[in-house]
Amino acid sequence: MDNPDRARVPRESAVDLERLFDRLWPLNRSLTGEGVRRTHAILGELVPLRQIEMPSGSRVFDWQVPPEWVLREAYIVAPDGRRLLDVAQNNLHLVGYSEPFRGRLSREDLEPHLHSLPALPQAVPYVTSYYARRWGFCLSEELRRALPPGNYDVVVDTELRAGSLTLAESVLPGESTAEVLFSTYTCHPSMANNELSGPLVAAFLHRRLAALPNRRLTYRFVFAPETIGAIVYLSLTGEHLRSHMLAGYVLTCIGNRSPLTLKRSRRGDSAADRAATHLLRQQPEHRIVEFYPSGSDERQYCSPGFNLPVAVLTRDLASYPEYHTSLDNKSIMDFEGLVAAVDLAFDICCLLERNRAFRGTVMQGEPFLSRYNLQSTLGARRERDRSVEAIKWLLNFSDGAADLLAIAERADLPFWDVAKAAEACIAAGLLIPVD
Amino acid sequence: MDNPDRARVPRESAVDLERLFDRLWPLNRSLTGEGVRRTHAILGELVPLRQIEMPSGSRVFDWQVPPEWVLREAYIVAPDGRRLLDVAQNNLHLVGYSEPFRGRLSREDLEPHLHSLPALPQAVPYVTSYYARRWGFCLSEELRRALPPGNYDVVVDTELRAGSLTLAESVLPGESTAEVLFSTYTCHPSMANNELSGPLVAAFLHRRLAALPNRRLTYRFVFAPETIGAIVYLSLTGEHLRSHMLAGYVLTCIGNRSPLTLKRSRRGDSAADRAATHLLRQQPEHRIVEFYPSGSDERQYCSPGFNLPVAVLTRDLASYPEYHTSLDNKSIMDFEGLVAAVDLAFDICCLLERNRAFRGTVMQGEPFLSRYNLQSTLGARRERDRSVEAIKWLLNFSDGAADLLAIAERADLPFWDVAKAAEACIAAGLLIPVD
Amino acid sequence: MDNPDRARVPRESAVDLERLFDRLWPLNRSLTGEGVRRTHAILGELVPLRQIEMPSGSRVFDWQVPPEWVLREAYIVAPDGRRLLDVAQNNLHLVGYSEPFRGRLSREDLEPHLHSLPALPQAVPYVTSYYARRWGFCLSEELRRALPPGNYDVVVDTELRAGSLTLAESVLPGESTAEVLFSTYTCHPSMANNELSGPLVAAFLHRRLAALPNRRLTYRFVFAPETIGAIVYLSLTGEHLRSHMLAGYVLTCIGNRSPLTLKRSRRGDSAADRAATHLLRQQPEHRIVEFYPSGSDERQYCSPGFNLPVAVLTRDLASYPEYHTSLDNKSIMDFEGLVAAVDLAFDICCLLERNRAFRGTVMQGEPFLSRYNLQSTLGARRERDRSVEAIKWLLNFSDGAADLLAIAERADLPFWDVAKAAEACIAAGLLIPVD
């Protein structure tokens, strides 16, 4: 059987996801600025967001919030008068956080300001310089090789000014203060898998959870620029998260055609790891990788001073050919697969909702199951009955320490079978929760 | 080398076992009643048994002892006057615990009272209804299909009356109050592997152990109806077992031609598990399976309130094609294999007898083995000497915590080699027991 | 990258080792006596040795130091007047510790005093009788079969007299009192792999370590007769070793052409085991075997009353065809391989020197690596950078408990990469040692 809560909430379609993708794609996001705010405004139509602004120059742990970046226009005029590398045509043409510049340079002097990828000659790379002042343009290796000698007029009309870093959160309260975190980033300009896949999954997951009746757990969604955003968020909520977080997941690069993948938390055996591992193993294609300290915002959540139970749900964490180039666009996205990613995240939440430890009320000898209508009164040879099997595992191993997931793993049964058996046993008065 | 105690006690022959089988086979056992008592009377010729009677209606943990069932006669008279499904011909024809009934029914009205197995059309199934009042007959699917329309006269001359549930125990005391339990059941009517194999092995194992000189351990044998019998026994002795049991085994379905099999206890690493695992692994064909909470009386001994170190010795625990049908008869029995099962159980007991933890008297540097005549005084290249090897393992690892079996496992040596080395070292004053 | 300390010390050549081999080979070593002292005198030219003499008859733990053995001459004169089995021709011809004898014996009476190996008909075996008085001669099976009938004149001009057992140590002090032990033996007469390989590796390892600037650890080298020598040494220093030893290695049989091999200590997971395992796994050919209680002096160091972290570095611990025969001679030695053995032992020491546990100074969120010049300020797609990777592992896992080796193992990176990253992080003020 499958997660019974799937039927209790509306399920988004691939088209819903694609429509939201198309609206978010053109915005020129960066670490700070209006592109981030406009992205949050659109997401806010699905998810009630509380925006947080952290002023430029603020000290956060070992970091300092950089100035806010304003981009007005940027392009190059070639010797023949053609306008090239116009950021209005492609957000990736300008190095992120380029300082202002205006001037005429020879082909030779322009060279150190150009970025391309010899190994991917048709791709425009994505390059940033948040913490060191420079300017630069990104272009395909093919175009670079074709640039003729002569003088080029460069226009970089930008500004680095005191402003703020923008992040947003949404908390869905439950009966318990125990929390599940979903964190994703909103700082990359036009990239598809490595930017929009995470916020899309988070937004529609939020919609499903908001519709789930009788939520036991509290859910926290964070949308923030990568790295510095997570660090700012931890500076504000780290102590709270440390005492309330049951499980957390970074959502990133989850929109292409690779199999769903769990990167475990630094702890490796947290509720976040156990729940995702159990559910992924029921999918024919999946990957489970151990924690390593590069990647996305799990680097911050799992820094040793916090060591939060935060894993990563992804398909290809920074390891696909189109990564950080103009090739990471809508053509590599699989919107049906994005719905499957929402399904996985939703199933994880429902598993965590139902996963508790119980103690049996009859511990000496088996309970007399026929009396509770949990087993037939006719003693006879019969087919393997998975529901009776699940009940027996549950009653034998509910010692107050093992939770349902631990029992399901030991029994090699799907969690949902054991959870259903638990409902029957609770109704019969044979199990009582210990927490 | 093999268990040296094998030569110190008489060994039964396959013919001995077959003769006892033939006497026990015809008795119409059920959960209660004279069939059980007569079975115990015959077993009592080999094993001095103390019979225990628990009155009908007694509350035991979550259960209640059912009434005693008396069967006088039961059959059906077909429309053509032939007597069919006579329980005098085959004990399995009547559903166990059928309530009394006498009357004439049409073929159609008879239908819901008939039990057969479409997948095994020549087999008569074994069906019981201990805890819900009904009556019924069991027959082959072939015969069922051939029953003509017409009226059938049904005679079920039974009685459900206040009486008692019958179990029996035999305790062989040793020097120590530490106990080894063997538990088997005596409640199935004419079935071979799934009834008589267990009591046969238990009875002859008892005979060997009674003949073993200087027994260190105490042995407890229990013969009881399955499930409710074990529950009753636990209600009487559970606390005692909890504080005295070193190891226990349920003996069941151990008489057919499948390989000897250990189903581990719920604990998984108890002395019962370790001893049987070590000895089975020295047999070319064997199976070792982890605990699961269906099966035989280990379900009760391993219920979480007791969690006793009780494993199962079997060949095919409820998983062979003839299980719970008339096909489970003498033709599937292997009496030589039953002797091998007694050998295994006896070897387990002898291993447990000898398995103790020791502390060396020389712990700093090796003992000077030549002085104790434990090693040659001639230093020379020689063939691997397993006895010196066992002595060295033993002396190096006898730290007061590791027992002989743990050392044998670490050394990858047969237990008997290590036990023999221990005898030599004890005689030399190099080892002293810590318990 | 490789051990950076390799370049800081002189490296011996295979010829250096071979020259020392040729000087040590002819000496007639035994458990005691002048052969041992002359061996130590030659080793003392490379290694400043402190000689220790333990008087004959001393009680050490369960042992007693045997008398000192003096060998003047020993041979047999055959019926035809030829002198045979002259110990002046081959040290192995006389059974070690033979008592004095002079007399004429028939071929038949001579027989029980002869030792040969039918399975290796051309080899002279190595035989000793340290603790029981006898005399004997060793010869090839071929020669034995050719001995004609007649009378043989036997001359065994030896003496067993009060003297002493000779061992030697050399301690190279470091900043810390934590010690690394290297122990090898000097009691076998003319054998190559099973005698000289260990002292040769120890002597040149000592030379390298003596040249290593800023040694943190203390190094202790022990040259002693096998078994009784280690027992005597433990009786003198065991308590000191117990409180100071970080890691120790017995060096034995490490000179032939088999792959370098670690035999783990009894503990199995000590620093000695971990360091050698990590480095051996980077070699394409190697073997790692678990502890077993026969072998060389690890039997004493790992006796349960000491249980020191002493492993064995070897190639073929007592398991090669030429073992304990005249075939264990220079022809089976690989002097280049001996240099590789010194390399391994030296690398182990350098690893232990650098292997410490650290605590990060920034534990909440990642440190801002660009500020410390540990990461580029340009955010761009780039090739995997193993140095940044090592820094990230190190900073994430330096929680004050995990040492560099543990982090290298978890990261699946060579220790040297992690150690280099640690240097950079210490310089940047991001890591401080906890011990």
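Residues are numbered from 1 along each chain as its sequence is written, and chains are lettered from A, with ligands numbered from 1, in the order in which they are written. Because the model is predicted, local features need pLDDT of at least 70 and side-chain atom pairs count only at pLDDT 80 or more, while totals for chains, interfaces and linings use all residues; side-chain values use heavy atoms, with hydrogens and water left out.

**Figure 1. Chain A, its dimensions and its secondary structure.** Chain A comprises 12 helices and 19 strands, where helices (H or I, at least four residues) and strands (E, at least two) are DSSP runs numbered from the N terminus. Along the principal axes, its C-alpha atoms fill a box of roughly 95 × 40 × 35 Å. Among contacts in chain A with a separation of 6 or more, 81% join residues 24 or more positions apart; contact means heavy atoms within 4.5 Å.

**Figure 2. The rotation relating chain A to chain C.** Chain A is superposed on chain C by a rotation of 120° with 0.0 Å of shift along the axis, at an RMSD of 0.1 Å. That is the relation of a three-fold axis. The superposition is by least squares on the C-alpha atoms of residues with pLDDT of at least 70 in both copies. Asp269(A) is the residue of chain A that comes closest to the rotation axis, its C-alpha lying at 13 Å.

**Figure 3. The interface between chain A and chain B.** About 2300 Å² is buried between chain A and chain B, 53% of it on carbon and sulfur atoms; buried area is the accessible area (1.4 Å probe) that two parts lose on being put together, summed over both. In chain A, the residues that lose the most area to chain B are Gln364(A), Glu366(A) and Arg381(A), which together account for 31% of what that side buries. The contact involves 21 residues from chain A and 35 residues from chain B. Between these chains there are 2 salt bridges, a salt bridge being a side-chain nitrogen of Lys or Arg within 4 Å of a carboxyl oxygen of Asp or Glu. Glu366(A) forms a salt bridge with Arg299(B), with the closest N and O atoms 2.7 Å apart. Helix α10 (residues 386-397) of chain A gives the most to the side of chain A that touches chain B, namely 5 residues. That side has 10 nonpolar, 5 polar and 6 charged residues, with Ala, Val, Leu, Ile, Met, Phe, Trp, Tyr, Cys and Pro counted as nonpolar, Asp, Glu, Lys and Arg as charged, and the others, Gly among them, as polar.

**Figure 4. The surroundings of Gln300(B).** Gln300(B) lies in helix α8 (residues 298-301) of chain B. At 0% relative accessibility, this residue counts as buried. Not counting residues up to four places away in sequence, Gln300(B) touches Gly365(A) and Glu366(A) in chain A, together with Thr227(B), Ala230(B), Ile231(B), Leu234(B) and Phe306(B) in chain B. The C-alpha atoms of Gln300(B) and Ala380(B) are 58 Å apart in space, the two residues being 80 apart in sequence.

**Figure 5. The interface between chain A and chain C.** Chain A and chain C bury about 2300 Å² between them, of which carbon and sulfur atoms give 52%. Asp62(A), Arg266(A) and Pro293(A) supply 27% of the area that chain A buries against chain C, more than any other three residues. The contact takes 36 residues from chain A and 21 residues from chain C. There are 2 salt bridges between the chains; Arg299(A) and Glu366(C) meet through their side chains in a salt bridge of 2.7 Å, N to O. On the side of chain A that touches chain C, α6 (228-244) and α8 (298-301) of chain A each supply at least two residues, and the largest share, 3 residues, comes from α6(A). The residues of this side divide into 18 nonpolar, 10 polar and 8 charged.

**Figure 6. Asp316(C) and its polar partners.** Asp316(C) is located in the loop between β16 (310-314) and α9 (335-354) of chain C. With 7% relative accessibility, Asp316(C) counts as buried. Its side chain makes a polar contact of 3.0 Å with the side chain of Asn256(C) and another of 3.2 Å with that of Arg287(C). A polar contact is a pair of N or O atoms within 3.5 Å; within protein, one must be able to donate a hydrogen and the other to accept it, and residues adjacent in sequence count only if both atoms are side-chain atoms. Leaving aside neighbours within four places in sequence, Asp316(C) is in contact with Cys253(C), Asn256(C), Ser258(C) and Arg287(C).

How values were computed
Buried means under 20% relative accessible area, exposed over 50%, partly exposed in between (1.4 Å probe, protein chains only).
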